[in-house]
2 protein chains.
Amino acid sequence: MRKVRTVTIADVARHAGVAVSTVSYVLSGKRAISATTRQRVLESVRALGYHPNAGARALASKRANVIALVLPLRAGMNLPVLMQFATSVVATARQFDHDVLLMTADEGPEGIQRVAASALVDGLLLMDVEVRDPRVPLLRELGEPSVLIGFPADADGLTCVDLDFARAGALCAEHLAAGGHREIALLGAPRVVYERGTGFAERTRAGFTAAARGLTAVAVPCEETYDEVAETVKLLFDRHPGLTGLVVHNEAAVGHVLAALRALGRSVPEDVSVVAICPDDVAERASPALTSVLIPAEDVGHEAVRLLMAKLDGLPADSMLLEPRLTIRESTR
Amino acid sequence: MRKVRTVTIADVARHAGVAVSTVSYVLSGKRAISATTRQRVLESVRALGYHPNAGARALASKRANVIALVLPLRAGMNLPVLMQFATSVVATARQFDHDVLLMTADEGPEGIQRVAASALVDGLLLMDVEVRDPRVPLLRELGEPSVLIGFPADADGLTCVDLDFARAGALCAEHLAAGGHREIALLGAPRVVYERGTGFAERTRAGFTAAARGLTAVAVPCEETYDEVAETVKLLFDRHPGLTGLVVHNEAAVGHVLAALRALGRSVPEDVSVVAICPDDVAERASPALTSVLIPAEDVGHEAVRLLMAKLDGLPADSMLLEPRLTIRESTR
DNA sequence: CCCGTTCATCGAAGCGCTTCGACACCGAGG
DNA sequence: CCTCGGTGTCGAAGCGCTTCGATGAACGGG
């Protein structure tokens, strides 16, 4: 409970018998320092347990060494992916000696304004950017370094990172086609997600449809309660009795879809093949284990931070799409 | 892209024709300022779009107005609860004019050390504290204001917040007993969680067992893949043919348990009543909708922040347990 | 042997804010 | 009429750090 007077750079300087600025240069490496002096300083740092004061450092250097992570945190989000993403962002940021300030989208554009103007953060990572997102114009105007996860309608001059969802949808369709399936369906996100204009759902559907040229292919939204899923699945097979391939792009519904198929007496993969677009652990936990396309949330987080750091250093940073990866398991043939 | 020279308090003072300190006092309210001056200053603030520089403020006032949120972010966590919690922490912190720095537990005690010593944050919120947590002794020694979510073995002198899991377990048992069930079972967390000594799983079991005095009651760990769950459920009914009441304290397994019961031809609630300990949305999404005990993640987050703020103001803050709430739906009779 | 370089280090000037003590002004009480 | 205690405001001293320009020592080339 004792509140020790905190150790300052001056204490370190005194202890090592050098000037304050010398300590600073040892720590930042911005000027050459002789090996012996450096050694002495570092020892003093260790001996005193010195940690630079973040506020003072930020004030003097105009760099807070903190980035903001703006998460949607609204209903209907894909939580596991979000968490993986957040984890990898934090870990990667730490590698670059930065910390992460957590913000929720419900603070809105003002929140972004606030943290940027107060120099609380050096840059921004915005997740789940929508096709027409009110934050995008602000971001442009602010000129604050930022990286978006997802692609807004007009991505010109912005740095965006995302999974290539069109490719993911296509991959699924192609895999089913290669298995000889002639009639396939995509069970997508809940209807509200399409209405909101979240790009990824739309792009998956487009990729799926385009790749299914030549086959009979339908794409339908999919809610997330068991009863609604069961209903949707039943309807699907009523309308398309010849359906033998199913793509599920809705993590919360995956389990329900399998249960519904079981209830309908259709076995997987004998009667119907199922491909899911979801994290590996969900696919592996299902029965049978699902052939799936991975959402590489960790890579996305990692790349996003990498790009942001480049921008902070004044380097150019181009948008990028990450390649989806198909893993074949037991649910398709 | 234009990088505007940022507006400082000196600019505001000049614009309003007052001293810098006057502006500061208007903004902080720490000294009386005449209504007219205050008005003038606030107008200048608005006119110039002034936002105080966070670093400078932190340096001068020794308060960063940031708290750290340390999340486990390891496998096997209950994601939705975590997110709800995080969201409410951020929202509540903002109400107190604080921001939230996100940290993951894998930085370990050094991470805590670092942010505390560098005055990056004023206080800490640790989630998912284990019975014997290596961070607890450090926290004691550091004397940094903190609030823990969960109870370590020795909670003396620490402020902890948690759901009253013992009560939650008891509530489930009592509800089943009241429904006339004589033979009941608890399906708990995966075995590894018990081995890790995470308190909540253990405490739920204890509460359940104690409240089930007079009934036949068993408690078993429960893994999270469909196949393992189905196996566990089958075994349970093989060994206890008279079993009619089930408590599930494992969010990831809830769906699988229901599916397994369906597969065994036991209908809910006719043959067996099921109570889940999980968030409401999971309970409602199941079929039939589950009678459940709510984990009030939002309240926990809110209270945790409230307590931490009190500590930052030098006020005392006692540990507290939050009352669980049973909602009766269609899965029990 | 002197001068121009290079290398290592130092001192001091801020960065933008809070806070303390001082001060001027005003009305009330003696 | 003078003093006293509030009020409202100001000026200046830091907070702990980075960074710029200056300085001194060591050194090689002419």
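**View 1. Contacts to the phosphates and bases of DNA strand C.** In this predicted model, an N or O atom in the side chain of A:Thr22 lies 2.4 Å from a phosphate oxygen of DNA strand C, a polar contact being a pair of N or O atoms within 3.5 Å (within protein, one must be able to donate a hydrogen and the other to accept it, and residues adjacent in sequence count only if both atoms are side-chain atoms). The elements that give two or more residues to the surface near DNA strand C are α2 (20–28) and α4 (54–61) of chain A and α2 (20–28) and α4 (54–61) of chain B; helices (H or I, at least four residues) are DSSP runs numbered from the N terminus.

**View 2. The surroundings of DNA strand C.** DNA strand C is surrounded by 30 residues, of which the closest are A:Thr22, A:Thr37, B:Ile9, B:Arg31 and B:Tyr50; a residue is near a strand if one of its heavy atoms lies within 4 Å of it. Sugar or phosphate makes up 55% of the atoms of DNA strand C within 4 Å of the protein, and bases make up the rest. The element giving the most to this surface is α4(B), with five residues.

**View 3. The surroundings of DNA strand D.** Around DNA strand D there are 29 residues, the closest being A:Ile9, A:Arg31, A:Tyr50, B:Thr22 and B:Thr37. Of the atoms of DNA strand D that come within 4 Å of the protein, 56% belong to sugar and phosphate. The largest share of the surface near DNA strand D, five residues, is supplied by α4(A).

**View 4. Contacts to the phosphates and bases of DNA strand D.** From chain B, a polar backbone atom of B:Ser34 is 2.8 Å from a phosphate oxygen of DNA strand D.

**Notes.** Residues are numbered from 1 along each chain as its sequence is written, and chains are lettered from A and ligands numbered from 1 in the order in which they are written. In this predicted model, local features need pLDDT of at least 70, side-chain atom pairs count only at pLDDT 80 or more, and totals for chains, interfaces and linings use all residues, while side-chain values use heavy atoms, with hydrogens and water left out.
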